[in-house]
Every structure is written in C-alpha cells, then in structure tokens.
Amino acid sequence: MPTYHYLCERCGHEFEVVQRITDPPRKRCLKCRGPIYRVIHPVGHILKGSGFYRTDYRTDEFKKQEKAETASTTPDKTEKPKKSKDKD
Ligand SMILES: [Zn+2]
C-alpha cells in the first residue's frame, strides 16, 4: 500500500497515512481538523530538518478548490418562472 504525505494548512502538522489506492483522500488534520493537502514527493525522500518544501502556491490552489467545492454543494434554484399564458 502506498504511503501518502499530508501537510496541514492551519497548524503545519505533517503526517503520513498508509492508504489503499481505493481509499478516499484525507481532508482534515488529525490534530486541529484544519484543511490539509497531500504533498507529492519522490519516493525515498525524507522530510527532516532543512530542505522543507515551499508549498505556498499549493495552498492558494487548495483554497480555490475548497471554495469551488462549497459552491457546488449549495443547491441551485432552478425554479422555472410561471408561464403567464393567462392574460386578463
Ligand atoms: Zn493541523
């Protein structure tokens, strides 16, 4: 099973989760329940001390996605206007 590396946007907590490919991706930080995103890094690369990835651009992208998600979940009103065929 592949190991996925996650980084919390809010508290900076990073952790790894062993998941099946079929499992849904994590979305919340284990510590603060804040939004997290998956860090893609080459196999064998270990995040320790210096050499930390700058992922600010990813953060922006993440926020956009979050917004898009919330927007899509809001029910859109598709009520059709009443036909005014009955004229006085
Ligand atoms: Zn967190």
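**View 1. Overview of the predicted chain.** This is a predicted model in which local features need pLDDT of at least 70 and side-chain atom pairs count only at pLDDT 80 or more, while totals for chains, interfaces and linings use all residues. Residue numbers start from 1 along each chain as its sequence is written. The chain contains three strands and one helix, where helices (H or I, at least four residues) and strands (E, at least two) are DSSP runs numbered from the N terminus. Along the sequence these elements follow the pattern β-β-β-α. Of the 88 residues in the chain, 5% are buried; a residue is buried if 20 or more other C-beta atoms lie within 10 Å of its own, exposed if 12 or fewer, and partly exposed in between, with C-beta atoms placed from the backbone. Among the contacts in the chain with a separation of 6 or more, 41% come from residues 24 or more positions apart. Two residues are in contact if their C-beta atoms, placed from the backbone, lie within 7 Å.

**View 2. The open sheet of three strands.** The strand order is S2-S1-S3, and the pairing is antiparallel. S2 and S3 are the edge strands, each with a single partner strand, so one side of each has no neighbour in the sheet. On average, neighbouring strands of this sheet are turned by 35° against each other, direction ignored. For such angles, axes are lines fitted to C-alpha atoms (for helices over the stretch in contact), and angles run from 0 to 180 degrees between N-to-C directions. Two strands count as paired if DSSP finds at least two bridges between them.

**View 3. The hairpin of S1 and S2.** Strand S1 (residues 3-8) pairs with strand S2 (residues 14-18) in the antiparallel sense, over five bridges. Five residues lie between the strands of this hairpin, and Gly12 takes a positive phi near 80° there. Within the pairing, Glu14 of S2 is the bridge partner of Leu7. Tyr4 stands opposite Val17 in S2.

**View 4. Leu7 and the pairing of S1 with S3.** S1 and strand S3 (residues 36-39) run antiparallel and are joined by four bridges. Leu7 lies in strand S1, and its bridge partner in S3 is Tyr37. Leu7 counts as buried because it has 20 C-beta neighbours inside 10 Å. Between the C-alpha atoms of Leu7 and Val39 the separation is 6.6 Å, for residues 32 apart along the chain. Val39 in S3 stands opposite His5.

View 5. Arg20 is exposed, because 12 or fewer is the limit and Arg20 has 8 other C-beta atoms within 10 Å. Arg20 and Tyr4 are 16 residues apart in sequence, and their C-alpha atoms are 9.8 Å apart in space. Arg26 is also found in this loop. With 15 other C-beta atoms within 10 Å, Arg26 is partly exposed. Not counting residues up to four places away in sequence, Arg26 touches Tyr6, Val17 and Ile36. Arg33 lies in the loop between S2 and S3 as well. Arg33 is exposed, with 12 other C-beta atoms within 10 Å. The phi of Arg33 is near 65°, a positive value in a residue other than glycine.
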